Amino acid sequence: MRISYEWLGDFLDLEGLTPKDAADVLTRQGVEVESLTMVDLSAIVIGKVLEQTKHPKSRNDLWVHQVDLGGRVQQIIAGAPNAVPGSLVPVALPGTTVPNGKVVKDMNIAGYQASGMLCSASELLLGDDHSGILILDRGTPGQSLTTVIPSQAIMEAEVTSNRPDCMGHLGIARELGAGLDRPMKRDFMPAFTGTADPPGRDLVRVSIEDPELCSRYIGGVITGVRVGPSPDWMQRRLRASAVRPINNIVDITNYVLLEYAQPLHAFDLAKLKGPAIEVRRARDRERLLGLDGVERELTTDMLVIADAERPVALAGVIGGEETAVTEATTDILLESATFSGPSIRQTSRALGLRTEASARFERALPPELALAGARRAASLIAELAGGKVHRDWADVYPRPQEPVRVNIRPSLIDDVLGTHVPLQEAEAILKRLNFHVKVRGDGEWDVLPPVFRLDVAIPEDLVEEVGRVYGYDRVAPTLPGRRHDRWTPLAPSMDRRLDDGREVLAGAGFTETWTPALVSGTKLESLRIAAHAMRVLNALSDDMDTLRTSLLPSLFDAVALNRDRGRDEVRLYEIATAFLARVGEKNAQPEEPLRLAAVATAGTTAQEGEDGFRALKSVLDGRQLGYIGEVHPAVAAQSKLDGRVVAFEIDVEPVLGAAHVPRAQPLPRFPGVERDLAVVVEDAVAAGAVLLAIKESAGEMLEHARAFDEYHGAQVPEGHKSIAFTLTFRSPERTLTDAEVDTVMAEIRLGLEKRHRARFRE
Amino acid sequence: MSDPSALTTEALAAIAQAPGEDALAKVELEYLGRKSGRVSRLLANIGQLPPAEKAALGKAANEAKRAIEAALAARRAELEQARLADLAETEAIDVTFPGPPLGRGHIHVLTQVRRQIETVLESLGYQVELGPEVETEWYNFEALNITAGHPARENWDSFYFSPELLLRAHTSPVQIRAMQRIKEPPIYIITPGRCYRRDAPEATRLPYFSQVEGLAVDRGMTVGDMKGTLLYMIQSLYGADRKVRVRPSYFPFTEPSFEFDVSCGICGGMGCKSCRHKGWLEVGGCGMVHPQVLRNGGIDPSQWNGYAWGFGIERMAMLKHDVDDIRLFYEPDLRFLEQF
């Protein structure tokens, strides 16, 4: 919401207040002012154009002006042709900084001296219009522009979705007034000015098909209006709010929207067939040419305003071109209605069309606001466009707004805030916010919120109203604490339990990544891991349309990314959930196993690949929990991985489940004996099988055995390999003798010969 | 046969002049060597002397031996001291030359920040609770008072798998699940985890991000308690000089609702370029748990009340480590990951 500070002065005395003060009060109270732009117009002077001629030499369209600045005349060149002789214009003289930041200098343009600049509305930050010079409707040449246009301050404020009443200057002023304890200059509900005959409701028939979608429709009739430009001050305020002035009638509807937050629409009554208004759902394939010049095909879930024959407006979103107010219009139907928020939001989304009106209706406006807005607009039309406001308007109001009463035990305010707010102060704050407070005999308060506040329904809402105006900075920070007779012992979080793993991986040179869980479904399919994949119905893009069933594809991409950026050696891991749909169960939440996956580059040769595999395996320490291996060349190619890549992925929960507290073993009292053993077996025999055989033959004396080398070559027969083991023998009772160990070694050899036809190398 | 005292004088002179260990060893060998040392030989020959001389010479020779040994030890200590005194010069190395790389990997900055947050809140008695990332409509919205058609729903535009099933837009569903599981307060939990919203990726937001939410349900909880908890958390994470401000805001699941800001660490709240002259940096949302939300979690709001708060882990990490683009966290670029 764009707020013009100067506009707030219509509703509230701003004496002694700066725009910064106002912004701070609003932010403190819950209307967050995100930016404050000061527009200082004091250095801009008013000039009167005496002469305008086309620049003869310039190839661009430039115009040379002689401008009266009150006693002296300056020559100024401009690119727009609209500052015709007699125009009053804002002039920035050399040395002046224009509000948009530009510094004006003396210039010579193709032989013509230019001493200053004629300003557009956008250069003065008075609006978005940069098409021409801003033409003033009054002012004295040579005087400061601030004699006709006050310096401005524009605030961009974020209004929360529960406060549509603050989507207008009146609501913002009310908030500010409550915070400053200053009275409002104007009542919320304007007086009704309609007196003309015949009654408005006799001039147009209004009906509502579905009260769920439209709870109120007011159709005000005003006849005999003169359509023309709206006054300068109104145009200026509209421009400051980034609304383009059209004509006085349309401008007034927009102006009241920016004041009251109630969207309005004016139809040319003569163009309405019937004349009748029917609020109904669009019929299939009905079309409407909007005020923006776009013709749209409507669907049956969209709400329209129709006359006796056809849709004339898309309810709450945009009016129709065919029934719009033009220069020729004399009689108008002023629409002020209340539409269902979700319905308007749905239509606005479906058409990709968000307007000032739809942005307000989406948040569910109170029906009472419709009446206030209609009355305000009618009196402005009568004042600025002439015309007669007819009495007794059509006002179809099938669901009257029920007053909400809230009972509150006033001590709840202190209980929730944790500080003491004197009762009188709390009551005064509620009254400043237009709440009625009745103190009952039992001390409870019977509170009636103002009609424009649909968001207040429970006692806690009232606590918030008091708290935010009282000031939360006055609530001292405390830590909660009382005697508890029950508690839950601290259980280490999953993250904490994985800390050890992260340290091990870091020590082994692996860096942790966090990659998105949404990946390309097509990619999962091509890797053939899409059987349990869940596809998002409303994905943002193809590469984020499916939940990953494995972390590995993301890690492969991570390797490719780092390779692209010049890294040859990459070691990465991630700990995150994989998502596995429960096939055949509709609407069931998927399994979400927490996974640990790691990936490492492993050179280019087969040997490097094997070494990489072994290095990765030692990280896992032999547990069988998931997949480990070298990435298949086809997969590697698909993921644009050059060279060999090894990877694993495991479920974390079983690992954590298997974790145990280490129990201390007595330190060995006697020395151990180490022996190496080179076992020659056929290539097909795995090191693990040989190790098993060694352990079986060795008995209790063997403390530890481990393979440490594998050899192929001249000293080993073709089709065979030699695996070297180191064996440690120890007894808990005595120092072993060489003879004892020799006996066991002989047993081991014998076992290996039998089981694996092994030979031995010295 | 030499005179022990002459021998001693001679030896002590040699020791005093010995320039280093080698010379000393030579002197030691010459006088005290086991077989051919001059003092040793003297002692070895004592046996052949007449008993009258034996005692006197034996005593003198032993004294000579002790004197030489003492002198050797003293000279050695002296030389060692001299050597150590020169060590800085004799064994000088280029201390600027780097050691071999350790090749250690890095733990992700978001993991580190999440860990810090957990540690701080665990110190206040909060426990970590986790929940599913694919949630039901009820837990993600209805239970949190965000009914269908609610105007606030557009703040949580979500990814759907069916009208009933979606990727959670916040970790708040875990609060409901925790209340249902624990049943009887006190409840003090934090809920770290990944969340998803249908926002196009840009420098300040992503369709996927990580949150930590906190929930405290007990008797007589106040806005002051909530402020104190936030202040303790922020000061523990960013330093004791930081301040916290709560600003009224609106969420359907809390009443009253707030956004909370932390004072700018660069200007200390005065206003500077990095806080866009506000003096404050937005961190997250908070509020007193709405009575209906307590009811949805199976807690009786007439007996218990509480507060909750939430924020993005990325936002915390950005503030702490001056990261200016949220996308860096999820792009597995080692050049970024290795900075932490």
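Predicted model: local features only at pLDDT ≥ 70, side-chain atom pairs only at ≥ 80, totals over all residues.
Setting aside neighbours within four places in sequence, Glu592(A) is in contact with Thr577(A), Ala578(A) and Phe579(A) from chain A, and with Pro132(B), Glu133(B) and Val134(B) from chain B. You'll find Glu592(A) in the loop between strand S29 (571-577) and strand S30 (594-601) of chain A. For a sense of scale, take Leu62(A): it sits 530 residues from Glu592(A) in sequence, and the two are 69 Å apart in space, C-alpha to C-alpha.

Now step back to the domains. In chain A, the assignment gives domain 1 (2-39 + 154-180), domain 2 (45-150), domain 3 (200-396), domain 4 (406-473), domain 5 (494-658) and domain 6 (673-761). Between the centres of domain 5 and domain 6 of chain A, taken over C-alpha atoms, there are 37 Å. Chain B is assigned domain 1 (4-90) and domain 2 (109-337). The centres of those domains of chain B, again over C-alpha atoms, are separated by 82 Å.

Next, some helices in chain B. Two packed helices are described by the angle between their axes and the distance between the axes. Helix H1 (residues 4-17) of chain B packs against helix H2 (residues 21-32) of chain B at about 165°, and their axes are 10 Å apart. Angles over 145 degrees count as roughly antiparallel, so that is how H1(B) runs relative to H2(B). The crossing of H1(B) and H2(B) is right-handed. On the H1(B) side, the residues that meet the partner helix are Leu7(B), Glu10(B), Ala11(B), Ala14(B) and Ile15(B), while H2(B) brings Leu24(B), Val27(B) and Tyr31(B). Sort the residues in this contact of H1(B) with H2(B) by class and you get seven nonpolar, no polar and one charged.

H2(B) also packs with helix H3 (residues 38-45) of chain B, this time at about 15° with the axes 3 Å apart. That angle makes H2(B) roughly parallel to H3(B). Here Glu30(B), Tyr31(B) and Leu32(B) of H2(B) make the contact with Arg38(B), Val39(B) and Ser40(B) of H3(B).

Over in chain A, have a look at the aromatic rings. Over all chains there are 18 aromatic pairs. Take Trp7(A) and Tyr255(A): their ring centres are 4.7 Å apart and their planes are at 20°, so this pair is stacked. The pair ties together distant parts of the chain, with Trp7(A) in helix H1 (residues 5-8) of chain A and Tyr255(A) in helix H5 (residues 248-260) of chain A, 248 residues apart.

Most residues other than glycine have a negative phi, and most peptide bonds are trans. Ala242(A) has a positive phi, near 65°, and lies in the loop between helix H4 (232-240) and H5 of chain A. Back in chain B, a cis peptide bond joins Pro185(B) and Pro186(B), with omega about 10°. Pro186(B) is placed in the loop between helix H7 (172-182) and strand S5 (187-196) of chain B. Another cis peptide bond joins Glu255(B) to Pro256(B), with omega about -5°. Pro256(B) is in strand S8 (residues 254-263) of chain B.

How values were computed
Residues numbered from 1 in each chain as written. Chains lettered and ligands numbered in written order. Heavy atoms only, no water. Axes fitted to C-alpha atoms, helices over the stretch in contact; angles between N-to-C directions. Helix = DSSP H or I, 4+ residues; strand = E, 2+ residues; numbered from the N terminus. Parallel < 35°, antiparallel > 145°, perpendicular 65-115°, else oblique. Left-handed = near helix turned anticlockwise from the far one by under 90°. Contact = heavy atoms within 4.5 Å. Nonpolar A, V, L, I, M, F, W, Y, C, P; charged D, E, K, R; others polar. Domains from an automatic or database assignment. Phe/Tyr/Trp six-rings, centres within 6.5 Å; stacked < 30°, edge-to-face > 60°.
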